[in-house]
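Hello,

Here is the structure I said I would pass on. My notes follow it.

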Amino acid sequence: MHFKYDKSDQEWEKAITNPESKLHSETWMDDGTLDKWRHERMLKKIKFYIDKNSTWLTVGDGRYGTDAHFIIKNGGNAHATDISDTLLKIGNERGYINAYSSQNAENLKFEDNSFDYVLIKEAFHHFPRPWIALHEAFRVARKAVILIEP
């Protein structure tokens with residue numbers, strides 16, 4: 001059986017090769033934008049769980065690892081993942097995130113209970129079999145899975 005996966009790898013490639021798309025995608029890392037405010041408004045509810053000892057996995061965090069960056073900025077440790085690591089690699093090179101990997105949400109390559117928390121923000125609806133991805137998130141989380149959907 002073949003499952004259709006999101007074409008985010010093509011979108012992320014376009015974000016670095018197409019001049020207009022690149023100009024737009026670069027703003028995702030800028031503070032002071034309406035887009036940043038919108039995302040941080042959703043994320044501010046997780047601040048309570050973030051501390052210097054907490055470990056986080058972000059799933060579907062392909063926009064340079066912006067969710068992982070929020071966690072790091074607020075004192076936590078985060079590993080950003082997406083099905084494509086095209087933009088995550090750039091985020092890491094720029095010091096925006098510390099750790100990343102290309103991961104299929106339905107088959108995470110981490111041991112059971114590898115992270116305190118797993119964050120899936122605005123990605124769940126992109127998964128072709130979301131319940132398998134959610135099961136994987138619970139498998140690798142020690143404390144909780146946080147799901148934020150629009």
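One aromatic cluster is formed by Phe48, Tyr49, Trp56 and Tyr117. Aromatic rings here are those of Phe, Tyr and Trp (its six-membered ring), and two rings pair if their centres lie within 6.5 Å; planes under 30 degrees apart are stacked, over 60 edge-to-face, and the rest tilted. The structure holds 8 aromatic pairs. In the pair of Phe110 and Phe115, the ring centres are 5.0 Å apart and the planes stand at 85 degrees, so this pair is edge-to-face. Phe110 counts as buried at 17% relative accessibility, and Phe115 is buried at 10% (buried is under 20% relative accessible area, exposed over 50%, partly exposed in between, with a 1.4 Å probe and protein chains only).

Please keep in mind that this is a predicted model: local features need pLDDT of at least 70 and side-chain atom pairs pLDDT 80 or more, while totals for chains, interfaces and linings use all residues. Residues are numbered from 1 along each chain as its sequence is written, and side-chain values use heavy atoms, without hydrogens and water.

Helices (H or I, at least four residues) and strands (E, at least two) are DSSP runs numbered from the N terminus. Beyond its neighbours within four places in sequence, Ile46 is in contact (heavy atoms within 4.5 Å) with Trp56, Phe70, Ile71, Leu119 and Ile146.

The buried residues of α5 include Thr86, Leu87, Leu88, Ile90 and Gly91, and α1, β2 and β3 (99–102) are among what covers the buried part of α5. After α5 comes Gly95, with a positive phi near 80 degrees.

Lastly, the largest pocket. A pocket is an open set of points on a 1 Å grid over the protein atoms alone, where a 1.4 Å probe fits, with protein on both sides within 12 Å along at least five of seven lines; lining residues have an atom within 4 Å of a point. The lining has 35 residues, with Ser8, Trp12, Gly60, Asp82 and His126 nearest the centre. α1 gives the most to this lining, with 5 residues.

Regards
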